[in-house]
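Welcome to this guided tour. Please open your viewer, have the selection tool ready, and follow along stop by stop.

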Amino acid sequence: MKKIPTDLTGYISLEPWWRTEVPTRIVPSADGVEDLLEMLGEEAENPFFVLDSILEEQAAFASLFEQKRKFLFNASESEPRTGDVDRLVALLKSLDDVPDILVGVGGGGTMDLTKATGICLANPKPAQEYQGYGLDMKKGADVWVLPTLNGTGAEITPIAVLRGPEKKLGINNPYTEPVVAVIDPQLSAGAKKFNRFFTMMDCYFHHYEIMQSKTSQREAVQDAEDGLRLAREVLKKDLGDHRIEDAIKSAMASVLGGSSTIGGRVGAAHAISYGLSNSGPKLPHSVAVTLSMLALEDLYPDGFADTVQFLRVNHMAEPKAREYGIGEGEVEKMTRVALGMEKLWQSCFGEEWKERATQEYIRNIYEKIVGVK
């Protein structure tokens, strides 16, 4: 890992700090909104903006909300659904000029909505038909992103995670990968501590599980090692105040979370989190993975210990499933969802995954999470 800069001058002059080959053009920035608009002015003919509606309250994003061609997404209400993609695709196709570039501004949910819409513009079926791996899809509109939270890795991954009527699963296709990612660590300053903390927790879990994986490629593991170190350094402090040196580490760790995902794969905590997310529409993904890790001490003892420490240092209570309307009645449904995450169980357990990730094993984890055991 290169020397970590402590100020924006050092950050914007950084050479690539990731090893995995990343097709996305990553632009470290000290003025992300201005740089984004300037680049679009030079390279885009017909851009369309997908904006997290919460950002309208922050002066830093005023010039983006002045754009005439935009769609506001309430990422605080829910993660993106396949139906959200279908509606946005229909809206864009109804315009006189279909956009050549979609610009996603927000956290992971807003970026995933933008990425999914970009590829679905060129493919005729509803978005839920494209959830999965290895499906034949045409390239759609180019997608540019400006992340306003650091940690999701969505700014560079070829995955757009969506809630569907039957499952929560990504559109996994190289064409979903953003073409450009402008990354300004300052833009997370307006986010609540809760969001900054749990987004970095998700970043930590990505790195931790990829390092534990039985299927991750060597470069992915190396990126995950660097990202895990950065995430730990950030999360071992109280994130109540927005400090630029921590924001820079978070932005770097987020990119590494994306690059390591390209050649690596997460495991049991994410598999369990998908069942939780499907049963709790307002349960943030990052909180769902935290709930999962807190139930997996036997499998991931270091991850469990770190999670407990990070929550304590940041004066955060351990999340509870019931706070999001998830109880014993959801256990069977959640078990069915998690059983379908075959690639993640293979990542976790290797060739013997079918013997380890049984229905009983998974049900027991959910019973522990909802308080049956």
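In which loop is H315 found? Select H315 and you will see the loop between α11 and α12 (331-339). Before going further, here is how to read the tour. This is a predicted model, where local features need pLDDT of at least 70, side-chain atom pairs count only at pLDDT 80 or more, and totals for chains, interfaces and linings use all residues. Residues are numbered from 1 along each chain as its sequence is written, and side-chain values use heavy atoms, with hydrogens and water left out. Helices (H or I, at least four residues) and strands (E, at least two) are DSSP runs, numbered from the N terminus.

**Stop 1: H315**

Stay with H315 for a moment. Phi of H315 is near 55°, a positive value in a residue other than glycine. Most residues other than glycine have a negative phi. Is H315 buried or exposed? With 65% relative accessibility, H315 counts as exposed. Here, buried means under 20% relative accessible area, exposed means over 50%, and partly exposed is in between, using a 1.4 Å probe and protein chains only.

**Stop 2: S29**

Now select S29, in the loop between β1 (25-28) and α2 (32-43). S29 is buried, at a relative accessible area of 1%. Show its side chain: the side chain of S29 reaches the backbone nitrogen of G32 at 3.1 Å. That is a polar contact, a pair of N or O atoms within 3.5 Å; within protein, one must be able to donate a hydrogen and the other to accept it, and residues adjacent in sequence count only if both atoms are side-chain atoms.

Which residues does S29 touch, not counting residues up to four places away in sequence? They are Y11, I12, D35, V182, I183, D184 and P185. Contact means heavy atoms within 4.5 Å.

**Stop 3**

Move to M39, in helix α2. M39 counts as buried, at 11% relative accessibility. Leaving aside residues up to four places away in sequence, M39 touches R25, V27, A44, W144, V180 and V182.

Next, pick A62 in helix α3 (residues 62-65). A62 counts as partly exposed, at 38% relative accessibility. Its C-alpha atom and that of V33 are 29 residues apart along the chain and separated by 9.4 Å.

**Stop 4**

Two packed helices are described by the angle between their axes and the distance between the axes. Axes are lines fitted to C-alpha atoms, for helices over the stretch in contact, and angles run from 0 to 180 degrees between N-to-C directions.

Colour helix α7 (residues 218-235) and helix α8 (residues 244-263): their axes come within 8 Å and cross at roughly 155°. That makes α7 roughly antiparallel to α8. Angles under 35 degrees count as roughly parallel, over 145 as roughly antiparallel, 65 to 115 as roughly perpendicular and the rest as oblique.

To see where they meet, select A220, L230 and V234, among the contact residues in α7, and K249, M252 and L256, among those in α8. By class, this contact of α7 with α8 has 8 nonpolar, 5 polar and 5 charged residues. Ala, Val, Leu, Ile, Met, Phe, Trp, Tyr, Cys and Pro count as nonpolar, Asp, Glu, Lys and Arg as charged, and the others, Gly among them, as polar.

**Stop 5: α9 and its partners**

Select α9 (268-279) together with helix α13 (residues 342-349). α9 and α13 pack at about 150°, with their axes 8 Å apart. That makes α9 roughly antiparallel to α13. A268, H270, A271, I272 and Y274 in α9 meet L344, W345 and C348 in α13. This contact of α9 with α13 has 7 nonpolar, 1 polar and no charged residues.

**Last stop: α10**

Finish at helix α10 (residues 285-294), which is mostly covered: 10 of its 10 residues are buried. What covers the buried residues of α10? The cover includes β8 (168-172), α6 (193-212), α9, α11 (301-313) and α15 (359-370).
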